[in-house]
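Reader: I have some questions about this one. Can we go through it piece by piece?
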Amino acid sequence: MDIRSTTVSVPLEAPLRHANGCHWGRFVRTIVEVEADNGLIGLGEMGGGGESAEAVFRAMKQYLLGHDPARIEEMRFRIANPTASLYNNRTQVLAALEFACLDILGQAWGVPVSEILGGRLRDRVPFASYCFFRYANAAGEGEVRTIEQVAANARALKKKHGFTSHKMKAGVFPLDYELEAFRALAAEFPGDGVRFDPNAVWSVEEAIRFGQGIEDLRNDYLEDPTYGLNGMRRVREKVRMPLATNTVVVNFEQLAANALDTAVDVILLDTTFWGGIRACVKAAGVCETFQLGVAVHSSGELGIQLATMLHLGAVIPNLSFAADAHYHHLTDDIIDGGLMRYEDGMIRVPTGPGLGVKLNRDKLREYHEHYRRLGGYPYDQDPLRPGWAPIIPNDRWADPRDDRRPRVPD
Ligand code: MG
């Protein structure tokens, strides 16, 4: 067997702003290929990349030589043993290798991954629009800053992809400005669901004020308005809508704590953060038992990871809400056929064997070169907010009237 990993950088339509910083016009991802002894190649994907990430995947080979790719549960203990994770937190590495093993098994058995995971309950997975504040791109296009731009961008996304649920990512500008912007977005689509995510940047009291200011909207949920299970619990006492998280319930320990003393209503499952698709299916089962809501989280995927999200969305009975994806902000993909298409706000679950996506080696080469040319970028920095740190101290908000265009590489 062999394990290869390649860092790629795929351009975005425009830089995406968020509470921590900014995606500087591209996503950096690691594409993983696991080649089994029978010649089948399974695909995986992980966020970030570069020499250190590639070295980690090279090092995994010594753990997995002679390992049967069907023994996925055993692999967890080989490389991501919970007691060793104090020193080696390999949850995301495990996830990428799990994707690849499932892909190999599906190809060997001639079935899609969703069939291995229990069988699909739906053929298409619905997605939310995922609207961002954006800087203009190098061509001077794509800025989303003003209230009018927020509404126009959301309208354009619905028109193009057919979304019926709309997510606004924020935590960039002062609270009252974002409240006005979100209400303007919701007013565009009175029959659709809306959701707001400031990436846990507010205090409990700010979160309560915002939440109470949107109680009349058709909210799917309010996502991570503040940080911590205790903070979320205090917000939940005062705000009449479900709360969701992808930050404070991201493993089984935290899920147990949340079941025993509920702070969050809807758990956003991420196939990378939870350590694989199967971990998310297990977590969805726990949520079903405790009657917590479930949706699919996006950590900035290319087509391989998107396939894992689609197979997950296809097999969990309690998918209570549309999934999230950054995917439509990309200009291209590294899989054959280019970007997958949305139809009526949904994406078809791949039906080919395994994950059902194939690596386009020309694209892999092209975007690896793109990575080599531009390198990484500081995800947690915003070119117009030097020194900003989310949560504490949070007194240096971006000014919505500031229409300067920072130098953000393509
Ligand atoms: Mg979130």
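Author: Fine. This is a predicted model. A place to begin is Thr226, which sits in the loop between S10 and H8.

Reader: Is Thr226 buried or exposed?

Author: Thr226 counts as buried, because its relative accessibility is 4% and the cut-off for buried is under 20%.

Reader: Which other residues of H8 are buried?

Author: Leu229 and Arg233 are buried in H8 as well.

Reader: What do the buried residues of H8 pack against?

Author: They pack against helix H7, residues 204-212, and against S11 and H9.

Reader: On to H9, then. Which residues are buried there?

Author: Leu255, Asn258 and Ala259 are buried in H9. They cover an arc of only 100° around the axis, so they are on the same side of H9.

Reader: What is on the other side of H9?

Author: Glu253 and Leu260, which are exposed there.

Reader: What covers the buried residues of H9?

Author: The cover includes helix H8 (229-238), strand S12 (266-269) and H10.

Reader: You mentioned H10. Where is Lys282?

Author: Lys282 is in helix H10, which runs over residues 277-290. Lys282 counts as partly exposed because its relative accessibility is 39%.

Reader: What is Lys282 in contact with, beyond four places in sequence?

Author: Glu73, Arg76 and Phe252.

Reader: How far is the C-alpha atom of Lys282 from that of Ile316?

Author: The two C-alpha atoms are separated by 9.5 Å, with the residues 34 apart along the chain.

Reader: Changing topic: the magnesium ion. Which residues coordinate it?

Author: Asp197 (OD), Glu223 (OE) and Asn246 (OD1) coordinate the magnesium ion, at 2.0 to 2.3 Å. Glu223 lies in strand S10 (residues 219-223), and Asn246 lies in the loop between strand S11 (243-245) and helix H9 (252-260), so this pair ties together parts that are 23 residues apart in sequence.

Reader: Are Glu223 and Asn246 buried or exposed?

Author: Both Glu223 and Asn246 are buried.

Reader: And how are the donor residues spaced in sequence?

Author: The spacing is D-x25-E-x22-N.

Reader: Which residues line the largest cavity?

Author: The lining consists of Cys131, Phe132, Phe133, Val144, Val150, Asn153, Met168, Lys169 and Leu185. The elements giving two or more residues to that lining are strand S7 (131-134), helix H5 (147-161) and strand S8 (165-169).

Reader: Which element gives the most to the lining of the largest cavity?

Author: S7, with three residues.

Notes:
Residues are numbered from 1 along each chain as its sequence is written. This is a predicted model: local features need pLDDT of at least 70, side-chain atom pairs count only at pLDDT 80 or more; totals for chains, interfaces and linings use all residues. Side-chain values use heavy atoms; hydrogens and water are left out. Helices (H or I, at least four residues) and strands (E, at least two) are DSSP runs, numbered from the N terminus. Buried means under 20% relative accessible area, exposed over 50%, partly exposed in between (1.4 Å probe, protein chains only). Contact means heavy atoms within 4.5 Å. Donors are N, O and S atoms within 2.8 Å of the metal (3.2 Å for Na, K and Ca); water is not among the atoms, so sites may look incomplete. The arc is that of the directions from the helix axis to the C-beta atoms. On a 1 Å grid over the protein atoms alone, a cavity is a set of points where a 1.4 Å probe fits but cannot get out, and a pocket is an open set with protein on both sides within 12 Å along at least five of seven lines; lining residues have an atom within 4 Å of a point.
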